[in-house]
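Here are my notes for you on this model. Have the sequence and the 3D view open, and look up each residue as we go.

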Amino acid sequence: MSERLDAQIAFLREADKLKSVLRASRLIDGSRRENSAEHSWHIMLYALVLSDQAGPDVDINRVLRMLLLHDIVEIDAGDAPIHGDVDHEAMAAREAAAADRLFGLLPDDQAVQFRALWNEFEAATTPDAIFAKSIDRLQTPIANLVSGGDSWVDYNVTLEQLEQRVGVPVRRGLPRVWDWLLPQLRAFFARNI
């Protein structure tokens with residue numbers, strides 16, 4: 001038991017580092033950049049609140065677990081802003097190596113289980129992962145609408161980029177929410193950018 005607990009606590013101590021990974025997006029009040037741990041918590045709340053928008057095959061408990069774990073790799077790999085100039089192949093390799101290291105800290109049964117959830121989220125082919133990916137993409141545009149487009153201005157984001165990089169995954173898992181969001185995005189970009 002002591003060896004198992006030692007491994008679990010080692011993972012939890014390492015996971016604390018996610019609080020220090022800053023994202024490109026700011027808090028809605030604009031006071032500072034959001035960290036990845038806050039993002040993970042907030043999108044879990046999004047998933048819970050918007051669970052009535054999920055398809056009938058979505059298991060919200062699995063989605064919450066995926067969202068809790070999805071950005072843990074940023075401890076080693078860092079954040080890759082969706083509108084940033086990122087080498088996606090290199091980032092995927094860094095994230096896979098980070099997943100190996102971080103989940104490898106856990107006891108074998110948990111390492112396998114958590115890594116499988118992370119892989120499923122990344123692949124976004126199951127109903128749970130599609131919904132989780134949609135939720136992950138939804139938070140930032142809502143925050144940008146409220147904050148005056150903070151990170152959109154920083155990254156020179158266009159409506160067309162948003163429709164492709166955010167709209168496609170959101171539409172897959174949250175089509176009614178995208179239908180609600182798109183007119184607001186169009187109005188914002190018509191007025192501001």
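Which residue forms a salt bridge with Lys19?

1. The partner is Asp16, and the closest N and O atoms of the pair are 2.7 Å apart. A salt bridge here is a side-chain nitrogen of Lys or Arg within 4 Å of a carboxyl oxygen of Asp or Glu. Asp16 is partly exposed, because its relative accessible area is 39%; the scale runs from buried (under 20%) through partly exposed (in between) to exposed (over 50%), with a 1.4 Å probe and protein chains only.

2. Some ground rules before we continue. This is a predicted model, where local features need pLDDT of at least 70 and side-chain atom pairs count only at pLDDT 80 or more, while totals for chains, interfaces and linings use all residues. Residues are numbered from 1 along each chain as its sequence is written, and side-chain values use heavy atoms, with hydrogens and water left out.

3. Side chains of opposite charge can pair when their charged atoms come close. Searching the whole structure gives 15 salt bridges. One of them joins Asp154 and Arg26, with closest N and O atoms 2.9 Å apart. This pair ties together distant parts of the chain, 128 residues apart: Asp154 sits in helix α8 and Arg26 in strand β1 (residues 22-26). Helices (H or I, at least four residues) and strands (E, at least two) are DSSP runs, numbered from the N terminus.

4. Look next at Arg186 and Glu163, whose side chains meet in a salt bridge at 3.9 Å, N to O. Here Arg186 belongs to helix α10 and Glu163 to helix α9, 23 residues apart.

5. Now find His39 in helix α2. His39 counts as buried because its relative accessibility is 0%. Beyond its neighbours within four places in sequence, His39 is in contact (heavy atoms within 4.5 Å) with Arg23, Glu34, His70, Asp71, Asp136 and Gln139.

6. Two backbone angles deserve a look. Most residues other than glycine have a negative phi. Ala124, however, is not a glycine and has a positive phi of about 50 degrees; Ala124 is in the loop between α6 (108-123) and α7. Asn156, in the loop between α8 and α9, also has a positive phi, near 50 degrees.

7. Finish with Ile130 in helix α7 (residues 127-147). Ile130 is buried, because its relative accessible area is 16%. Leaving aside neighbours within four places in sequence, the contacts of Ile130 are Ala124, Thr125, Arg172 and Gly173.
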